[in-house]
Amino acid sequence: MDFKLTDEQVKLRKEFFDVCKELEQKKPQGYVGLESNYDTDEGWKYHLYCAKEFARRGWLALDWPSQYGGKGTMMDRVFFAEARGYYDIGGADVFGVEMLAPTLLGAGNEDIKRRFLTGIASADVMWCELWSEPNAGSDLASLTTTAIRKGDEYVLNGQKTWSTGAHRAHWAFAVVRTNPNAEKKHQGLTFLLFDMKTPGITVKPLYYMDDGHYYNEVFLDDVRVPVKNVVGEEGKGWQVTQMLAGFERSNLGAIMCMQRQLEDIVKYCNETKEGGELLAKNPLVRNRIAQVACDLESARCLAYRIADAQSKNEMAPFDASAVKITSGELQARVAHMVTDLVGPYGQVKISRWAKFNGFFETWYQHHFRLNIAMGTNEIQRNIIAWNGLSLSRMK
Amino acid sequence: MNIAFTEEQEMLRKAARDFLTAECPKKKVKELEEDEKKGYSPEIWKKMSDLGWQGMVIPEKYGGQGMSYQDFTILLEEMGRNILPGPFICTVIEGVYPIMDAGTEEQKKELLSKIANGELICTMAQLEPNGLFDASGITLKATHKGDHYVLEGTKVFVEMANVADYMLCVARTGKGTAGDGITVFIVDAKSHGIHVEVMPTIGMDKLCEVQFKNVVVPSKNVLGKPDTGWHIVENVMRRGAIAKCAESIGGMQAAVDMTVAYSKERVQYDRPIGAFQALQHIMADMWTAMQTSRYIVYQAAWMESEGLPCTKEVAMAKAYVNEKYKWVTEKGVLLHGAIGTSREHDIPLYYRRAKSADIRYGGTDFQREIVANKIGLVS
């Protein structure tokens, strides 16, 4: 067993961290986490700026085959994610770079790869995901948006919801029902790509509890999409969505974000007094922070195990579910801990009164995304139970 | 980076599992727990020495196998999974390693090969009635008189002192309350003035009170140098912490396996109880707790094996695993329903051992305080 990185890996990892550290200096005020890419114009501009910086270094195509402009390894992607997480910056389109690109590489034909991978690598095209519907969240296969074939086009009708950044994205990938009469609901689904400027698409904001605009409802009224934009085969869309499990799932980005948070919390406690005594010397505070440090280290070690396995083309799907649950719930606990620690300021949002520049007050409201999106933690538990422990599926 | 065991290590694991399954089934575990005199099986102990287990980390020149600390933790994982009552951890962690670290050539030659052969059982007498794990807890006095020392005081929670041949006694020879002035003595357990009594504990693991009343120990039995022995104890605490964590991971695996298996057999409301989502989620969380424990321990064991500084990583692992092992086994008992609370059933063996493992070599709050210091919180 060996947890050590090679000298080359250490050097490359440092390069990622150095560049991200520079980019952090340009972060707009109040930028916290993924949602900040989409909410304000400043956030979006910053996200695009970072994306271009990464694109010119070839970092948005890490671990792609070289014939598609790729370079580097899966571990390089992991280190890059760590650096972005640590400095909490945007720039790597989670939908295009992290979800769609591996899917196209795995399931797309040459025409699809040729037409779409370049735009992802160059950061010229930003994507959104159109999956969930009002009646199809965790049970995605129950979706009802139809795509009826007419000649060399599909005509789409339906409604998608909770689409992050759809109001900003250039293109979308969607799962739609091409065969409404399929025997089982998982059958008859197709994975499609289309331009968000296609006539018939209406995007309406879904305001979050903090009044931010991150998510959207997307209405599709007779939207015409070329048949050649199918990824994989018609009717095999479910299998293509399952392939998204092939994208990097160590969650090291989120874990490194918390590592940075921990360092900032320690600094705060070392400098802040309460009742005449430094917070750092309060045994309850020490114990609580130490517990977070231990939990974070355990998540980090498991995440590295996943990254190591994936770099060898071995899947560790249940470990990935475990780390998703653990890191998401840990982020919630960290937000709760800090908003407790700062006393009445724990309720203050980004403003001149806010502690940590409003970072933890934001996470107090945003941590739900980590525990609900990409398969709720309850679904992850089902996956572990049904597939990992072979317990009966519910009927 | 390669976060996986080698083929040889997996073979070691399999061999250990097969041996323990055959030699120490749960019926034997319970018999040994109830055995008031010994608490271990000399027959199994002998067979273990024939396999080279006691000598696993002892250099070949002293009759051992010269294997690594990480290899040793693989064995411990299997012992935790199967449960093996006995003096294995204390003999290796509290006997072998301190002698290897700080012993004279004479002490090494005298003791290590006998330990490797299964002829000697060792343990360390460290904790005192104040229950403190740090150096300030050491008050047992050792007074220097010419060519010997005289030990006076009481130690508690001394593992398997009832059967030990040697006890490494941590005593205060200097003034003050800190780490300076601490000396470790290799004490013949049959010395006049030693009185041992087994303390009844949740783990039924033969932790003993040992009274030292004017116990004479030759000066040549000082381990290392007088007044500077606390580092020996620190090494024991660190290696012991990882050892207990490794054992705990094995125990968690057993608890998860047992609980999942039971949930598939036990039928209520016309279906196996494992079909109910509420229970499925608890079992998924048990599995997750086990997996998240695994790699933080493997990292600590690897660092120790490589001789890398790892005080922080070890404290993190111990603090984390302490809580997870207790939680997993508690849920295991609960998911078995009433039968899970009975002496007859096997799941409570793990629940009880989780409490014992928690405290051994430093409980959660002790470890978290180390972590707090190491991550930079001023104190």
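Guide: Of the 395 residues of chain A, 48% count as buried, where buried takes 20 or more other C-beta atoms within 10 Å of a residue's own, exposed takes 12 or fewer, partly exposed lies in between, and the C-beta atoms are placed from the backbone. Keep in mind that this is a predicted model, with local features needing pLDDT of at least 70 and side-chain atom pairs counting only at pLDDT 80 or more, while totals for chains, interfaces and linings use all residues. As for labels, residues are numbered from 1 along each chain as its sequence is written, and chains are lettered from A and ligands numbered from 1 in the order in which they are written.

Chain A is built with twelve helices and ten strands; those are DSSP runs numbered from the N terminus, with helices being H or I of at least four residues and strands being E of at least two. Its radius of gyration is 22 Å, close to the 21 Å that the globule rule gives for 395 residues, so chain A is as compact as a globular protein of that length. That radius is taken over C-alpha atoms, and the rule is 2.2 Å times the number of residues to the power 0.38. Along its principal axes, the C-alpha trace of chain A spans about 75 × 45 × 45 Å.

Now for contacts, meaning residue pairs whose C-beta atoms, placed from the backbone, lie within 7 Å. Inside chain A, among contacts with a separation of 6 or more, 69% come from residues 24 or more positions apart.

On to the part you asked about. The contact between the chains takes 41 residues from chain A and 40 residues from chain B. On the side of chain A that touches chain B, the elements giving two or more residues are α8 (252–271), α9 (283–311), α10 (317–341) and α12 (377–388) of chain A. The largest share, 16 residues, comes from α9(A). By type, that side of chain A divides into 22 nonpolar, eight polar and eleven charged residues; here Ala, Val, Leu, Ile, Met, Phe, Trp, Tyr, Cys and Pro count as nonpolar, Asp, Glu, Lys and Arg as charged, and the others, Gly among them, as polar.

Note on methods
Two residues are in contact if their C-beta atoms, placed from the backbone, lie within 7 Å.
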